[in-house]
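Work through the exercises below with the sequence and the model side by side, and try each task before you read its solution.

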Amino acid sequence: MCLAAAVVSLTASADEGMWLLPYLQKMNIGDMRAKGCELTAEQIYSINGSSLKDAIVIFGNGCTGEVVSPEGLVFTNHHCGYASIQELSSVEHDYLKDGFWASSNADELPAPGLTVTFIRQILDVTPEVLGSVPSIAGGSERVEIVERNIEALRERLAAEYPGKTIAVKSFFGGNQYFAFVQDIFRDIRLVGTPPSSIGKFGGETDNWMWPRHTGDFSIFRIYADKENNPAAYSPENVPYRAENHLKISLDGIEENDFAMIMGFPGSTQRYMTSYEIDELLNVTGPQRVAIRGARQEILKKDMLASDKVRIQYASKYAGSSNYWKNTIGMMRGVKKLDVKAKKEAQEAAFQVWADANTLPEEGFSDALPTIREALEQSRSCTASLQYLSEALGMAVEIISPAISAHRILNAEEVTDELKQRLEEYYVQFYKDYNMPTDRKVAKRMLAMVRENVEELPSVFAEVIDARFGGDIDAYVDYLYDNSAFTSYEKATAVAPDQVAEDPAVVLAESVIGKMGELRGKMTATDFRFADGHRRYIAGLMRMQPDKAFYPDANFTLRMTYGQVLPYEPMDGVKYEYYTTLKGVMEKENPENPEFVVPAKLRELYEKKDFGRWANRDGELPVAFLANCDITGGNSGSPMMNGRGELIGLAFDGNWEAMSGDIAFEPEVQRTIGVDVRYVLFLIDKFADSGWLLEEMTLVGGDCGKGCCADKKGCGKKAKKAAKKAKAGKK
């Protein structure tokens, strides 16, 4: 397609950008090398040979990880491994609170349901997906043609790559398509994790903030069958023999050093219009903050009162709270940085260009009006649908087992396999379910829905009003007192012919039915929005032929690069580019669970027992900044130096640039990463797990006194110091 050819003929020259690996040679490598990258594009991404990309993996369903040893050892963030750590925890074995460190392969803990995914091939399939689509096709017609073409493409690629998983993704609003050939490994085991007092140090208070002092990492291992292929968990499986793994640099970082990140950014909206920003600021953003904030208040109170509930709800609370604070920061940033005005200026220029330079049948002149009209027509449905989804579908937990049981037990043929699947689901669900907490949440959520939703589910009129006189608390008490889905024992004992009348099923069917009705009303406007969005992006690219464009994030493998840099968040304030263990001790507050410091870590600090992991000034580095372009999904991504060696793990963005998913702000936008030397220090000194270091490839470094950690010659900083000293003597 001509669009793809136009894009890749350009050269990028900015730190902004989540770049596609197949285009690094044409678009990025010149700028990267000018900034300090020492690798070739082929060493980073090779179509046929082994390259850096073969050490980067999708970790679970929403994070990134990196292979750091030939035996399949994987680093990722603590918060990425959090759900698995929580699932493996109990009151007797509280790995969230105490951490966990295997002393050998035999001690590594299988993590049920966790996967690690490798990208084996990346294929531009735009001609196959769009080649037969008429230029005038739009709406449902275009969607149907594209979906048929993708299905045929998947079948062809599945035959060409037997045993692989094929994912086909849309880019630039549906103007380009890539296929990703994947290997998915399903036997993943927990190897090590620091306690939450290190892995989540700072908690909600420090989330999205700088300076940061969080040891946000965890360690897992990939297991394969004896032929090194993906396999379900088996005691017979062996550690995966990695095709490539990252070397780990002990040279550390200095201001202005080159830094690059490879990973799987989840979602950005850089092509968002001013009309969508209005919806974010006035509808979806405030609603999300209100709903999640109310639920989190209830969860937190119950978690503080019970260790059992704390473990059950730790991952649920963390996931909700993270996006809640992200939304608060995003709205703040959009307003403070006047993003809407910048979008309006871009849109005005686009409209003038489109009216003067394109034909009506091309659709560019109508792109922005189409987007605006589609959003206006669907706004009421959008608001109601979000409320029902977040406040009831996601927050009121009893709905989930009720609807699962109803659909499985009322299927045309209830097979033993379906019954087994339901049983397994019950075991998983009720392990982390506390009925009294859910009852409190349901009362608050149903009240909020009544207050804020225009089109209510039928259960409000037919049950809450008709039977309980509108008393939501009384209805909820009846619901939880009479439903079979409040416990594992009751759920597994309920007769199939009783399920449909269960009050939780009645609630679930009512909510899901209304959500389906709202989605149906939005179908036509969704198609119109997609048409306008696609034409707007294509038009922008035609309008600015000399600009290097990159697609919005969609959880596909990308490269971003920049430099290690400080920043100035406001007048008179300058933030340094790194933090040290000293800052952990300065923040320590035994009365605040977010800032508790483990006794052993404090002891190591007081003795200055940092080993070879200290910097040249004798400090133990903890975190650092780089102006790389990341978002959610990049959590756990490797931060690498110009030689492709691991220097840290990306784990957060900064508060001042929370609007970054919509508009990159180069002056203040920063990636926060945990320094790999802090990770290695904790493995070595805190966890006494030096056996793990033996399988890693550590390179460079010095001990801060001119000696070298690897005993094979000084690292970069020691060499610089020696050269400077020699020049001084002359």
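The buried residues of helix α13 are V339, K343, E347, F350, Q351, W353 and A354, where buried means under 20% relative accessible area, exposed over 50% and partly exposed in between, with a 1.4 Å probe and protein chains only. The model is predicted, so local features need pLDDT of at least 70 and side-chain atom pairs count only at pLDDT 80 or more, while totals for chains, interfaces and linings use all residues. Residues are numbered from 1 along each chain as its sequence is written, and side-chain values use heavy atoms, with hydrogens and water left out.

**Exercise 1. Describe helix α13 and find what covers its buried residues.**

Solution. Begin with the element itself: helices (H or I, at least four residues) and strands (E, at least two) are DSSP runs, numbered from the N terminus. Helix α13 takes in residues 339-357, which makes 19 residues, and its first and last C-alpha are 27 Å apart, close to the 27 Å expected at 1.5 Å a residue; the expected span is 1.5 Å times one less than the number of residues. Next, recall that an α-helix has 3.6 residues a turn, so residues three or four places apart point the same way. Finally, look for the cover over the buried residues of α13, which includes α11 (274-305), α12 (307-336), α14 (367-394) and α22 (503-543).

**Exercise 2. Which residues touch the most other members of the largest nonpolar core?**

Solution. A nonpolar core is a set of buried Ala, Val, Leu, Ile, Met, Phe, Trp, Tyr and Cys residues joined through side-chain atoms within 4.5 Å. The largest one has 101 residues, and those touching the most other members are F75, M260, L581, L601, Y678, I683 and M696. Its largest share, 8 residues, is supplied by helix α25 (residues 676-686). Apart from this core lies another, of 58 residues, which has M303, Y387, A442 and M445 among them.

**Exercise 3. Is T580 buried or exposed, and what is in contact with it?**

Solution. First place the residue: T580 is found in strand β18 (residues 578-580). Its relative accessible area is 12%, and therefore T580 is buried. Contact means heavy atoms within 4.5 Å, and, leaving aside neighbours within four places in sequence, T580 is in contact with H213, E619, L620, P621 and V622.

**Exercise 4. Examine the salt bridges of R156 and R221.**

Solution. A salt bridge is a side-chain nitrogen of Lys or Arg within 4 Å of a carboxyl oxygen of Asp or Glu, and by this rule the count comes to 48. R156 meets E128 at 2.9 Å, N to O. Because R156 lies in helix α8 (residues 139-160) and E128 in helix α7 (residues 126-130), the pair ties together parts that are 28 residues apart in sequence. R156 is partly exposed at 37% relative accessibility, and E128 is partly exposed at 38%.

The closest N and O atoms of R221 and E695 are 2.9 Å apart. R221 lies in strand β11 (residues 218-224) and E695 in the loop between α26 (690-693) and β23 (698-699), so this pair ties together parts 474 residues apart in sequence. Both R221 and E695 are buried.

**Exercise 5. Which strands pair with β7?**

Solution. Two strands pair if DSSP finds at least two bridges between them. Strand β2 (residues 56-59) and β7 pair in the antiparallel sense over 3 bridges, with F59 opposite V116 in β7. Strand β9 (residues 176-185) and β7 pair in the antiparallel sense over 8 bridges, and here D124 stands opposite F178 in β9. As for cover, 7 of the 9 residues of strand β7 (residues 116-124) are buried.
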